Amino acid sequence: MAPLRKYSPEFREEAVRLALSSGKTVTKVGREPGMNPETLRGWVKKHQKQQEPAVGADLTVRERIRLKELERRNHELEMENSFLKKPQRTSREILGSEYVRVHRRDAT
């Protein structure tokens, strides 16, 4: 196991800034200076959490409940939408040759 390395706050800030603005993956940015990419990933997550506004801080209990219901409903609709976007198989595709065989016999 590799010994733990200490990084300066300046190095951390620069690495996070580079990871967020470079367009490269966190793994690639982390490996360039020879550090563990998971270390950088943790720093990025921590930075993003600190920058995130406190959601729900100004909401009443009823508003939070309503927000939760709307988020749940939104998730359900997204799932339904993705299902409906998938191509649907016809009965001919499902039954294959059996479908064709039955219809040919009836046609004669």
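Which residues do ring pairs link into a cluster? Ring pairs join Y7, F11 and W43 in this way. The exercises below work through the details.

The model is predicted, so local features need pLDDT of at least 70 and side-chain atom pairs count only at pLDDT 80 or more, while totals for chains, interfaces and linings use all residues. Residues are numbered from 1 along each chain as its sequence is written, and side-chain values use heavy atoms, with hydrogens and water left out.

**Exercise 1. Check the span of helix 1 (residues 9-21).**

Step 1. Helices are DSSP runs of H or I with at least four residues, numbered from the N terminus.

Step 2. The expected span is 1.5 Å times one less than the number of residues.

Step 3. After helix 1 comes G23, with a positive phi near 85°.

**Exercise 2. Find which residues of helix 1 are buried and which on the other side are exposed.**

Step 1. Buried means under 20% relative accessible area, exposed over 50%, and partly exposed in between (1.4 Å probe, protein chains only).

Step 2. A15, V16 and A19 are the buried residues of helix 1.

Step 3. Viewed down the helix axis, these buried residues fall within an arc of 100°, so they line one face of helix 1. The arc is taken from the directions from the helix axis to the C-beta atoms.

Step 4. E10, E13 and S21 are exposed on the other side of helix 1.

Step 5. The cover over the buried residues includes helix 2 (26-31) and helix 3 (37-51).

**Exercise 3. Classify the ring pairs of W43 with Y7 and with F11.**

Step 1. Rings of Phe, Tyr and Trp (its six-membered ring) pair if their centres lie within 6.5 Å; planes under 30 degrees apart are stacked, over 60 edge-to-face, and the rest tilted.

Step 2. The structure holds three aromatic pairs. For Y7 and W43, the ring centres are 5.3 Å apart and the planes at 80°, so this pair is edge-to-face.

Step 3. Y7 is in the segment before helix 1 and W43 in helix 3, so the pair ties together parts 36 residues apart in sequence.

Step 4. Y7 counts as buried at 17% relative accessibility, and W43 is buried at 12%.

Step 5. The ring centres of F11 and W43 are 6.4 Å apart with planes at 85°, so this pair is edge-to-face.

Technical notes: Helices (H or I, at least four residues) and strands (E, at least two) are DSSP runs, numbered from the N terminus. Contact means heavy atoms within 4.5 Å.
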